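User: I should like to learn how to read confidence, salt bridges and surface patches in a structural model. Please take each topic in turn.

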Amino acid sequence: MGYGKTLPLDIVYNPAGDYLPPEQAKLQNEFRNFLGENFGVSFNNLSAIVNVPIMRFRDYLVNNNRYDDYINLLFSNHNKATWQNVMCRSLLTVGHDGRIYDCDFNYALRIPVKGFEDVYFWDIDFDNFESEIIVAEHCLACTVNRGSSCHGELKNFDTEEVVKGYYVSTLSSSNDLKTTACCDLDDIPEYVKDISPLIADEIQMKFYGCGSPIPLHLEGCSVVDLGCGTGRDSYIVSKLAGEHGKVLGIDMTNEQIDVARKHINTQMKAFGYENKNVKFVHDYIENAAKYVNPGSADVVISNCVINLTEDKERVLDDIFRMLKNGGELYFSDIYADRRLPDEIRNNELLYAECLGGALYINDFIRLARRAGFNDPRIMTSREIEITNKKVQNLVGNARFYSVKYRLFKIDGLEDACEDYGHVAIYKGGLKYSENKFILDEEHVFEKNKPERVCGNTALMLSESRFRNYFTIIGDFDEHFGAFEDCGGKIQCKEHVDNTDKGCCC
């Protein structure tokens, strides 16, 4: 019916007995794999809810002499850090009878808000509303481990507010970042450097990124910039896409979007455009699909922002739906050499500095492939040198890398490099790359020089916007096994440290 694809579908996990649910993120991945592989079912989010010992579940526990054991289980897993985020601190439940309750569970038990037992919600002056939250033994269910509510696990801190506060209040320019080594300008291509002087100083000064995620050949393209900030990359793409191109920038920070919007007219004038080809939207990148029709984008870019999102899998799924067949996600981000512990992931400074939200690089590969990007390609990569002593002490032995990826949405891409006998010849003529074309760090094509390529590479060159610049010899009628120059597996150290140059996937 389209649920989980074009229509949102969220599911809920509730334990079937007197035990606690596993970690929500782990459950979500397991159910996404199981339901997808066995039933073709996809969904957006999973919420894991702890069983609250009331009503029928309480009767079950009492009848089986398990009530005290379950309360002790909740008590032994109590987490004081959840107190600030339990839903009774910020929400009220309005019952069918018009009375108010601290939460759904108190409503089920018919325990109204203290002092408002016989008051209807339409008679309450909420501008001067104060109340004491009624708590009882059953409230322990909301405060175990990572916390629980009707929306699943609680956050130990609000990542959205952390990021907004840091980039608006704490930072005045990119020089204030503690990990500025990840924002090196050495690998910025000439076609970007040529345009940079045309970009307003205010835009550049307040822009925070970790690379230059702007690919070649954007003339006339429809491009989406996720987490555009003040719009530096969006405006550079605007110039590269030309007056007939279209650029949409999305960012959740109102102050940065205001900077981007403020300069639209002056930037169009600097580019010599009569008509505007860029638009900026204030919203979360998790909501980007609302503004982009499925299969309409040629390219999606992002500069060190996806790591700041909590539901990275949803973001990748949405990007895949936005793209045309042959389109690509081209982006820079921060990755870790391991799965990060909670003390790193939940540290406000590390999260805002793009380290706390960094994915273990192999987990990113798995997420990308599940979204449909079967053969992620690395463009550039390097380890981030952390010189700030405070940050060094916080991250411990974890290592972080700035990686620029290229992910194509192309029907027929396989999850490994297979040999079908293809040969690719770059015909030249691509602006800024007349004599040499770089597909990724493993594939560099000299003009007029035939190169053996795997089936995936043949598709990337023949089904993307680069198709007119290549001659591809061969088809998929006969398979010759695994592509002999492919290492066959992706590991963080091999890829990022470039110690294994054999792998083309």
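Analyst: The discussion below begins with confidence and then turns to salt bridges and a surface patch. This is a predicted model, in which local features need pLDDT of at least 70 and side-chain atom pairs count only at pLDDT 80 or more, while totals for chains, interfaces and linings use all residues. Residues are numbered from 1 along each chain as its sequence is written, and side-chain values use heavy atoms, with hydrogens and water left out.

User: What is the mean pLDDT of the chain, and where does pLDDT stay under 50?

Analyst: pLDDT is the predictor's confidence in each residue, from 0 to 100. Where pLDDT is low, the predicted coordinates should not be read in detail. Here the chain has a mean pLDDT of 86, with 87% of its residues at 70 or more. Values stay under 50 over residues 168-176, for which the model has 20 contacts (heavy atoms within 4.5 Å) beyond four places in sequence. They also stay under 50 over residues 487-505, where the corresponding number of contacts is 54.

User: How many salt bridges does a search of the whole structure find?

Analyst: Side chains of opposite charge can pair when their charged atoms come close. A salt bridge is defined as a side-chain nitrogen of Lys or Arg within 4 Å of a carboxyl oxygen of Asp or Glu. The search finds 26 of them. One of these joins E132 and K114 at 3.5 Å, N to O. Both residues lie in the loop between α4 (104-108) and α5 (159-170), so the pair ties together parts that are 18 residues apart in sequence. Helices (H or I, at least four residues) and strands (E, at least two) are DSSP runs, numbered from the N terminus.

User: Are R314 and D318 buried or partly exposed?

Analyst: Buried means under 20% relative accessible area, exposed over 50%, and partly exposed in between (1.4 Å probe, protein chains only). R314 is partly exposed at 23%, whereas D318 is buried at 5%. Their side chains form a salt bridge of 3.9 Å, N to O, and the two residues sit four apart in helix α11 (residues 312-322), about one helical turn.

User: Which residues make the nonpolar surface patch?

Analyst: Patches comprise residues with over 30% relative accessible area and no salt bridge; like charges are joined within 9 Å, and nonpolar side chains (Val, Leu, Ile, Met, Phe, Trp, Tyr) within 5 Å. L92, V94, Y120, F121, W122 and F126 make a nonpolar patch of about 550 Å², with accessible areas from the Shrake-Rupley method. Among them, L92 is found in the loop between α3 (67-76) and β3 (93-94) and is partly exposed at 34% relative accessibility.

How values were computed: Areas by Shrake-Rupley, 256 points an atom, 1.4 Å probe, with all protein chains shown as cover.
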